[in-house]
Amino acid sequence: MTADLKGQILTLTANLDPMQHLKNMDYPRRAGTEGDQKGAAYVAQVLQDRGLKPSTQTFRFEKRRVLPRLILPLVLLVWTLLSLANVRYWESNLTVSLIVLVLPLALVLLILNLKRFMRYSFWRRRKKLAQVETKLAEGRLDADQVVTSQNVIAEMGPDGAEKQILFTAHIDSISSKLPSMVSMFCLLLGLIGFMVYSAIYLLHVLRGPFLQVDFAFWAGFALTTLAMLEVSFVSRMFRGNASHGIIDDGTGVAILLELAQYVREHPIPGVKFTFGFFGAEEAGLIGSATYYMQHAGGQVKPHVISIDMIGEKPPLNYVKEISIGRLRMGEAFNEQIASIAESLEIEIKGKKFPYPGSDFGHFLLDGEHTTNWLINKSRMIHSKKDRLGNVNQDLVNDALKLMVAYLSRLD
Ligand SMILES: [Zn+2]
């Protein structure tokens with residue numbers, strides 16, 4: 001049985017070659033740049049050459065302005081200094097103490113309502129996006145305040161099909177000045193430090209002035225925490241276009257292109273397939289938001305299979321749950337993939353992921369779609385090392401095999 005499936009999948013994938021696309025997309029593709037356009041044009045051309053009729057969906061979104069992004073780092077700076085000055089110079093004035101405690105209280109409320117907050121922020125993002133064209137037409141936005149990017153969409157199968165599958169991957173790339181591991185580490189330590197310091201501060205207000213006793217220690221603690229958070233927030237403002245985005249998410253794009261080829265050669269009756277090559281994912285899941293707005297409320301909800309693949313370190317992982325709101329991700333599909341992987345002797349693990357931070361987010365938070373993705377460990381994500389030479393080819397081929405095996409069992 002195992003040998004059968006292995007042999008069968010080997011035959012089915014024999015003429016599929018995801019690597020050719022990575023060779024043709026080995027350049028930076030940040031949303032709005034020439035590389036982004038070139039990448040989208042390449043994807044559209046490949047689909048067309050293979051007899052599909054792709055459509056290119058152009059959209060515009062607002063550039064993120066510097067000033068609003070400075071608010072949080074500034075609030076944190078003022079908050080830390082205010083809390084320390086209150087202990088040192090104002091004998092822990094009650095009014096100031098209460099003002100200081102508002103921020104941690106707000107954070108606790110936010111954590112308790114994260115799911116609702118996530119839904120709200122995704123909704124707000126789409127609302128803002130929907131207003132861009134009106135704002136431009138009315139002169140409330142200038143052309144140089146917006147970025148233009150595009151999705152490439154290809155469809156196969158009957159429109160009204162009962163079963164619909166939407167495969168997604170993102171064309172764009174981005175680079176950070178700090179390695180992602182470092183900024184995540186700073187954010188995590190900073191948040192823990194912030195909550196510890198706030199709890200100590202609350203005790204100090206309720207039970208007496210013990211912060212004064214070791215003021216130098218607590219000041220050092222508060223300032224270190226502040227530095228961690230500032231590094232994490234401010235580094236996000238300086239993002240560039242040095243990454244070639246081959247590992248993230250050129251691999252996903254390459255897999256989708258080959259899957260489209262597979263479906264064209266092996267049509268599955270009664271299933272409609274959409275291949276969504278989204279733009280501006282790294283800019284805030286914008287391409288998928290554009291697509292989502294046009295298709296939400298459709299009669300049949302597609303099964304979204306998001307391949308935001310990070311083709312670097314084995315093993316392959318799929319997301320079984322989003323920690324925020326404990327959102328389960330397509331259990332039946334995941335189980336099926338895990339069992340196929342076992343038959344094919346491909347190692348795959350189910351992992352939790354903290355937030356819905358990829359194109360599937362819009363669909364998942366809608367509550368009805370089954371959504372999945374593959375996400376793997378990476379050191380090179382969003383860095384200039386994310387280029388062709390560092391991609392893990394075996395991982396890409398394994399992921400493609402899993403998806404082909406899944407499709408081959410669909411009918
Ligand atoms: Zn990605």
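**Notes on a predicted model**

1. Strand β8 (residues 316-322) pairs with β9 in the antiparallel sense, over 2 bridges. Within this pair, I322 stands opposite L327 of β9. Bear in mind that the model is predicted.

2. Now widen the view to the sheet. It is open and holds 3 strands, in the order β9-β8-β10. The pairing is mixed. The edge strands are β9 (327-328) and β10 (348-353), and each pairs on one side only.

3. A helix covers these strands. Helix α12 (residues 331-343) lies across β8, β9 and β10. Relative to β10, α12 runs at about 150°.

4. Next, look at strand β3 (residues 163-170). Of its 8 residues, 7 are buried, so β3 is largely enclosed by the rest of the structure.

5. What are the partners of β3? One is strand β6 (residues 271-278), which runs parallel to β3 and is joined to it by 8 bridges. Another is strand β7 (residues 303-306), paired with β3 in the parallel sense over 4 bridges. In β7, the bridge partner of L166 is V304.

6. Which residues touch the most other members of the largest nonpolar core? They are V43, V253, I255, L256, F277, I307 and A399, in a core of 76 residues. Helix α10 (residues 246-265) gives this core its largest share, 10 residues.

7. Take L256 as a way in. Leaving out residues up to four places away in sequence, L256 touches F167, A169, F275, F277 and I307. Another core lies apart from the largest one. This other core has 11 residues, among them V87, Y197, W218 and L229.

8. Finally, a helix pair. Two packed helices are described by the angle between their axes and the distance between the axes. Helix α4 (residues 66-88) packs with helix α9 (residues 215-235) at an angle of about 175°, and their axes are 10 Å apart. Angles over 145 degrees count as roughly antiparallel, so α4 is roughly antiparallel to α9.

9. Who makes that contact? From α4 come L72, P73, L76, L77, T80, S83, L84, V87 and R88. From α9 come F215, A219, A222, L223, L226, L229, E230, F233 and V234. By type, the residues of the contact of α4 with α9 are 14 nonpolar, 2 polar and 2 charged.

Definitions and conventions: Residues numbered from 1 in each chain as written. Predicted model: local features only at pLDDT ≥ 70, side-chain atom pairs only at ≥ 80, totals over all residues. Axes fitted to C-alpha atoms, helices over the stretch in contact; angles between N-to-C directions. Parallel < 35°, antiparallel > 145°, perpendicular 65-115°, else oblique. Contact = placed C-beta atoms within 7 Å. Nonpolar A, V, L, I, M, F, W, Y, C, P; charged D, E, K, R; others polar. Pairing = 2+ DSSP bridges. Core = buried A, V, L, I, M, F, W, Y, C linked by C-beta atoms within 7 Å. Buried ≥ 20, exposed ≤ 12 C-beta atoms within 10 Å, placed from the backbone.
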